[in-house]
Each structure stands twice: as C-alpha cells, then as structure tokens.
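Dear colleague,

Please find below the structure that I am handing over to you.

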Amino acid sequence: NTTKQISATAKPDKSKPFVVLIDPGHGGKDPGHLMEKQYNLEIAQRIEKLSNSKVKIVQTRSTDEFLALSDRVEKANTLQPNLFLSLHCNAHNKQKVRGIEVYCSKMNGESEASYNYSILLLKELLQRQDFDNGRIMNANFIVLSKTNVPAILFEMGFLSNEEDKFMLTNAAEQEKLAKRIFESLEELADN
C-alpha cells in the first residue's frame with residue numbers, strides 16, 4: 001500500500017473532516033490557456049457544493065479575481081489543509097493530445113504524501129472517468145514547491161482537444177467531472 005508512509009501532519013484522525021483547499025488556477029487578468037480560468041472556477045464551485053462531513057472543500061478564490069502565486073501559497077500555509085489541489089486545463093498545439101496530468105514537487109514540505117495522493121487521485125480518476133491516459137510528473141511550480149502541506153496540481157484535460165474541451169466546458173459534463181473528483185477525494189480521505 002503506497003499510502004502507509006503518509007505523515008501524521010497529512011493524515012489527521014478520522015473524526016475530523018479531510019480538508020481540501022481547491023485552487024482554481026488563474027483568474028482576473030490571468031486567463032490561462034484558452035480562458036481556462038472560467039472552467040477551473042466553474043468545476044471548483046461544483047466540487048465545493050459536494051462538501052460534506054467527511055471531505056470539506058474550501059477555495060482560494062470563488063470569483064474571477066487575480067491571485068498572485070504567493071497569495072495562493074500563503075492561503076495553503078495558513079489554513080494547513082490536508083491537501084492543496086490546484087485545478088487547471090491544459091492545451092497543446094496537437095489537437096489529438098488529451099488526457100489528465102497530475103503534478104507534484106519533490107521540493108514540497110510534504111513531498112511523499114503529495115506523491116502518494118497523486119497516485120491515488122490518478123488511479124481513482126482513471127477508474128471513474130473516460131480518460132484515455134494519465135500521468136504523474138514532478139514539477140517545481142511555486143504552488144507546489146512553496147507549500148508546506150501535501151500539494152497537487154491537476155490538469156483536468158486539454159481545451160485544445162474537442163473531446164476534453166466538451167467535458168471541461170459543458171455544464172452536465174462539468175458536473176460529472178466534479179462528482180468524480182470529489183469521490184476520488186473521499187477515497188483519499190479513507191486512506
């Protein structure tokens with residue numbers, strides 16, 4: 001079981017909710033790939049509505065506002081959630097490229113827990129969603145390397161691919177994706 005090494009700070013007792021700070025990437029003056037800021041926020045809001053006594057969802061932003069990367073890191077380090085999850089939409093110059101990507105950083109203060117959570121999240125999402133593929137990669141993005149809690153950056157699909165774009169932009173598909181992400185977070189809370 002890859003989750004056995006998750007530290008005590010990453011895994012509190014089961015009587016308290018598993019707190020996930022969702023960070024809808026970009027916002028305000030920073031649109032991201034193909035206006036991804038809008039879709040990141042819409043999906044984050046749909047996930048937050050599913051919040052329950054087992055998994056509590058909090059967001060770094062709930063409107064189309066610009067947040068500096070340092071502000072996102074500060075929110076994570078102040079709140080000390082069980083997981084910081086930054087949501088993004090990818091893009092590629094080849095329209096056939098699709099799928100999901102999960103990033104974590106070896107420079108993160110909880111790098112082992114971040115990696116273990118990445119494995120679980122990817123496994124759960126691949127089982128619950130019609131993704132062709134997914135992979136975990138190491139990257140020293142500021143929101144991953146400067147946070148002192150388990151942190152993952154999740155690229156939910158490619159806006160440059162028609163199939164992924166439909167899933168990321170259609171309200172009914174966003175709802176399904178949000179539910180699958182939330183169910184995956186519930187699985188993380190159980191491990």
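**Findings**

Ala44 is buried, at a relative accessible area of 0%. This residue, Ala44, belongs to helix α1. Apart from neighbours within four places in sequence, Ala44 is in contact with Ile22, Pro24, Gln59 and Leu87. Between Ala44 and Asp23 there are 7.7 Å from C-alpha to C-alpha, although the two are 21 residues apart in sequence. Please bear in mind throughout that this is a predicted model.

The sheet comes next. Six strands form an open sheet with mixed pairing, in the order β2-β1-β3-β6-β4-β5. Its edges are taken by β2 (55-59) and β5 (134-138); each of these has a single partner strand, so one side of each is left without a neighbour in the sheet. On average, and with direction ignored, neighbouring strands of the sheet are turned by 25° against each other. As a general point, strands of a sheet pair through backbone hydrogen bonds, either parallel or antiparallel. Here, strands β3 (residues 83-90) and β6 (residues 151-158) run parallel and are joined by six bridges. Within this pairing, Asn90 has Phe158 in β6 as its bridge partner.

Two helices may be described together with the sheet. Helix α1 (residues 36-48) packs on the sheet and touches β1 (18-24), β2, β3 and β6. The direction of α1 makes about 140° with that of β3. Helix α3 (residues 111-128) lies across β1, β3, β4 (100-104), β5 and β6, and α3 runs at about 170° to β4.

Another residue that I would draw to your attention is Phe182, which is placed in helix α6 (residues 171-190). Is Phe182 buried or exposed? With a relative accessible area of 4%, Phe182 is buried, because buried means under 20%. Its contacts, leaving aside neighbours within four places in sequence, are Ile47, Leu50, Ser51, Asn52, Val55 and Ile57. Phe182 and Ala171 are eleven residues apart in sequence, and their C-alpha atoms are 16 Å apart in space.

Most residues other than glycine have a negative phi. Met35, however, has a positive phi, near 60°, and is not a glycine. Met35 is found in the loop between β1 and α1, where it is partly exposed at a relative accessible area of 41%. Gln80 likewise is not a glycine and has a positive phi of about 55°. Gln80 is located in the loop between α2 (69-79) and β3, and it counts as partly exposed at 44% relative accessibility.

Finally, I turn to the largest pocket, whose volume is about 260 Å³. Which residues lie nearest its centre? They are His26, Leu69, His88, Val143 and Leu153, out of a lining of 19 residues. At least two lining residues are supplied by each of α2, β3, α4 (142-145) and β6. Of the elements, β3 gives the most to this lining, with three residues. By class, the lining of the largest pocket has eight nonpolar, six polar and five charged residues.

With kind regards

Definitions and conventions
Residues are numbered from 1 along each chain as its sequence is written. This is a predicted model: local features need pLDDT of at least 70, side-chain atom pairs count only at pLDDT 80 or more; totals for chains, interfaces and linings use all residues. Side-chain values use heavy atoms; hydrogens and water are left out. Two strands pair if DSSP finds at least two bridges between them. Helices (H or I, at least four residues) and strands (E, at least two) are DSSP runs, numbered from the N terminus. Axes are lines fitted to C-alpha atoms, for helices over the stretch in contact, and angles run from 0 to 180 degrees between N-to-C directions. Contact means heavy atoms within 4.5 Å. Buried means under 20% relative accessible area, exposed over 50%, partly exposed in between (1.4 Å probe, protein chains only). On a 1 Å grid over the protein atoms alone, a cavity is a set of points where a 1.4 Å probe fits but cannot get out, and a pocket is an open set with protein on both sides within 12 Å along at least five of seven lines; lining residues have an atom within 4 Å of a point. Grid points are joined across faces, edges and corners, and a volume is the space filled by probe spheres set on the points. Ala, Val, Leu, Ile, Met, Phe, Trp, Tyr, Cys and Pro count as nonpolar, Asp, Glu, Lys and Arg as charged, and the others, Gly among them, as polar.
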